[in-house]
Amino acid sequence: MLNVFMIGCLVSSAYGADVVLSCFLVEEGGGMMGGMGGGGLFTRTPAMLVLRDLPTASDSDSLDSVTPFNPPEKPSADELIFEVKGSSVEIPDAESLLHADCNEQEVNCEISRYVTRGSDPGARPTHFIASLQVGGEGISLTMVLQVLTNEEAASETPPLMQSKLELPLSQSGTLLTEVVFVVFSRSQSLTAPLGGDTQLDCGFRQQDTPPVGGLGLEWRLQYKGSGHKVLEMSTVEEEAGAGPHVSAGREGASVDPALAVEEGNVSLTLTNLRVADEGTYICTVTSGMFQTQQIVKLHITQPPKVSLSEEKVIYQEEPAQKLSCHCNSYYPLDVEVEWLSISSSEAEPTSITEETSLSSHRQHADGTFSVTAYLLLLLSTHPPGTNITCRVTHQALGSAVDVSTRVLAPETGDNFYGIMISILVVTVGTAVFYQVMGSTV
Ligand SMILES: *[C@@H]1O[C@H](CO)[C@@H](O)[C@H](O)[C@H]1NC(C)=O
Ligand SMILES: *[C@@H]1O[C@H](CO)[C@@H](O)[C@H](O)[C@H]1NC(C)=O
């Protein structure tokens, strides 16, 4: 029903372009009607968000074929159309919203009621909050929409009231709003190496500069149900020129106070990353009456150091020879080890079918893991010239890592002690192996 009005994906007007997004109005409660996607505590009603007059780059070719947003011919009290007028608050990366729409990138959009800080739920003007996420690693925006009082409607005919929201609609049947505050992030999920540095992106735009009541910022880390403050910053309105007060709860956590105040850039820099830095970061910006958040997920990775117990294996019929493949100090936990063999007559390595096993994982003090894979190799099926490979796959490795050992022909002649020693090593090794096996079963 709503789609009838979506003439084109992009619509141009005199000042810029309009974007029409399919959204849901999310409301608490609602009993039996609730929970289209599970839950049941919220109701989701289809709604439309029209962003008017977004600025566009003048050389943007893709905007040639656009048609203006057409409001419904006959305004209806049951339609939910949030119209956002071009306003003094810039919508960051508006261009990407325009293109997402045309490139069929999914834009997740939810609108809900918003009560400003320190006011009563019924206070006027009414506010809504719109959360937009451009699919495929796109920008995420949380915008506070302020409902505009409809002055032109002071004519003889009373304005149409939206049936669900009980708010007056414009003459074209839309709820007129403007953006008064935005918090956004251009990357909501990132992966960084252990020991490295990273920056978690978060920014805001606001109407009043400086905001009445000062500016507040908090970065919090949530991990598996517990959380702590990573950094806090505040400016106090009365102390203009005093500069923001920053306190970090983690060594090496910082925000550039000048960038924060001048450009609305409150990105968090973290240096010397540890496993403990992994988790979900919540960037909360408070500006006067408004407070909203963005979420940025940080994943830490460290590739395994892979090595084999033997550089070479001397061929012998009996007994079976034990090989160990060590994968050390990696993160996160999931690692895959495969044993392969390739003889001089084969073109491709094949999977080894003999007995293999894995030690239990050991976790080091720095949070990284180690594991050892064992192979009990029956050399009778692997003649000299064969290579035995341990192949390790882990998300921190671009491609799988191979370490190989070569089966060598036994040295003929007088190397009696060498042979004795290798037999001894193998016997002791096997005994240890069985012991390890026994303790891990
Ligand atoms: C903040 O500044 C950094 C460094 O200049 C930049 O890479 C990042 O995109 C900016 N982020 C926001 C939200 O403005
Ligand atoms: C085994 O490895 C050696 C050294 O890496 C290589 O020169 C040789 O060609 C390999 N043999 C086979 C059968 O792949």
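User: Great. What kind of model is it, and how are things numbered?

Analyst: This is a predicted model, in which local features need pLDDT of at least 70, side-chain atom pairs count only at pLDDT 80 or more, and totals for chains, interfaces and linings use all residues. Residues are numbered from 1 along each chain as its sequence is written, while chains are lettered from A and ligands numbered from 1 in the order in which they are written.

User: What pLDDT does the chain average?

Analyst: The chain averages a pLDDT of 83, and 80% of the residues score at least 70; pLDDT is the predictor's confidence in each residue, from 0 to 100. Over residues 1–14 the pLDDT is below 50, and that stretch has 32 contacts in the model beyond near neighbours in sequence. Residues 32–37 also have pLDDT below 50, with nine such contacts. Two residues are in contact if their C-beta atoms, placed from the backbone, lie within 7 Å.

User: How many helices and strands are in the chain?

Analyst: The chain has three helices and 28 strands. Both are DSSP runs numbered from the N terminus: helices are H or I with at least four residues, strands are E with at least two. Among contacts with a separation of 6 or more, 66% join residues 24 or more positions apart.

User: And what share of the residues is buried?

Analyst: Of the 441 residues in the chain, 30% are buried. Buried takes 20 or more other C-beta atoms within 10 Å of the residue's own, exposed takes 12 or fewer, and partly exposed is in between, with C-beta atoms placed from the backbone.

User: Switching to sheets: what is the order of the six strands in the open sheet?

Analyst: The order is E9-E18-E17-E12-E13-E14, with mixed pairing. Two strands pair if DSSP finds at least two bridges between them. At the edges are E9 (189–193) and E14 (245–248), each pairing on one side only. Inside that order, E12 (residues 215–223) and E17 (residues 279–287) run antiparallel and are joined by eight bridges. Trp219 stands opposite Cys283 in E17.

User: What about the open sheet of five strands?

Analyst: That sheet runs E20-E28-E27-E22-E23, again with mixed pairing. E20 (312–314) and E23 (350–351) each have a single partner strand, so one side of each is left without a neighbour in the sheet. E22 (residues 336–342) and E27 (residues 387–393) pair in the antiparallel sense over seven bridges, and Glu336 stands opposite Thr393 in E27.

User: Which strands does E21 bridge to?

Analyst: E21 (residues 321–330) is joined to E19 (residues 305–308) by four antiparallel bridges, where Val306 partners Cys327. Eight bridges, also antiparallel, join E21 to E26 (residues 369–377), with Cys325 partnering Ala373.

User: New topic: is Ala258 buried or exposed?

Analyst: Ala258 sits in helix H2 (residues 257–263). Ala258 is exposed, because 11 other C-beta atoms lie within 10 Å.

User: Last one: which residues are around the ligands?

Analyst: Around ligand 1 are Asp201, Gly203, Asn265 and Ser267; near means a C-beta atom, placed from the backbone, within 6 Å. By class, that shell has no nonpolar, three polar and one charged residues. Ligand 2 is surrounded by Ile342, Ser343, Ser344, Asn387, Ser404 and Arg406, which divide into one nonpolar, four polar and one charged. Ala, Val, Leu, Ile, Met, Phe, Trp, Tyr, Cys and Pro count as nonpolar, Asp, Glu, Lys and Arg as charged, and the others, Gly among them, as polar.
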